[in-house]
Amino acid sequence: MESDIKSTSNQSSRNYDELGSKLDENIGLLTSNCTMTGKAHDELHKWLLPFIDLVKELNAADSKEDQKQSFEAIQESMNEFNTYFK
């Protein structure tokens with residue numbers, strides 16, 4: 001997911017629709033194949049659930065400006081992830 005976000009941020013004409021689809025797909029794979037348990041799992045969920053909501057907002061955005069705002073929030077969330085998880 002992180003590489004898709006970085007790739008989108010480097011595009012001169014950002015394709016937010018494509019990013020939203022890729023993120024949805026990766027979230028589905030992540031949640032369906034999750035084998036984590038315990039505290040690490042619980043901490044990941046604290047980040048993941050709001051991230052999923054941000055991706056839903058991106059996919060539901062009606063304008064490029066709304067997509068851009070959602071994308072920026074997704075970037076911030078990924079930066080937050082990297083602060084707490086290695």
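This is a short talk on the salt bridges and on helix 3 of this structure.

Morning, everyone. A caution before the details: this is a predicted model. Everything I say rests on computed values.

Salt bridges, then. How many are there? The count comes to five. Side chains of opposite charge can pair when their charged atoms come close. Let me walk along the chain.

Start at helix 1, residues 2–9. Glu2 and Lys6 join their side chains in a salt bridge, 3.7 Å from N to O. Why can these two reach each other along the helix? They sit four residues apart, so about one helical turn separates them. And Glu2 is partly exposed, at 29% relative accessible area.

Next, helix 2, residues 16–32. Here Glu18 pairs with Lys22, N to O at 3.2 Å. Again, the spacing is four residues, about one helical turn. How accessible are the partners? Glu18 has a relative accessible area of 36%, which means partly exposed, since that class lies between 20% and 50%. Lys22 comes in at 34%, also partly exposed.

Now back to the network. Which residues take part? Lys39, Glu43 and Lys46 are linked by salt bridges.

That brings me to helix 3, residues 38–60. What about its length? It has 23 residues, and at 1.5 Å a residue it should span 33 Å. Its end C-alpha atoms are 33 Å apart, so the two values agree.

Where does helix 3 bend? At His45, by about 30 degrees. Keep that residue in view while you look at the model.

Then the buried side of the story. Which residues of helix 3 are buried? His41, Leu44, Trp47, Leu48, Phe51, Ile52, Leu54, Val55 and Leu58. And what do they pack against? The buried residues of helix 3 pack against helix 1, helix 2 and helix 4.

To recap. There are five salt bridges. Lys39, Glu43 and Lys46 make a network. Helix 3 bends at His45, and its buried residues pack against helices 1, 2 and 4.

That's it from me. Thank you.

Conventions. Residues are numbered from 1 along each chain as its sequence is written. This is a predicted model: local features need pLDDT of at least 70, side-chain atom pairs count only at pLDDT 80 or more; totals for chains, interfaces and linings use all residues. Side-chain values use heavy atoms; hydrogens and water are left out. A salt bridge is a side-chain nitrogen of Lys or Arg within 4 Å of a carboxyl oxygen of Asp or Glu. Buried means under 20% relative accessible area, exposed over 50%, partly exposed in between (1.4 Å probe, protein chains only). The expected span of a helix is 1.5 Å times one less than its number of residues. The bend at a residue is the angle between axes fitted to the seven residues ending there and the seven starting there. Contact means heavy atoms within 4.5 Å.
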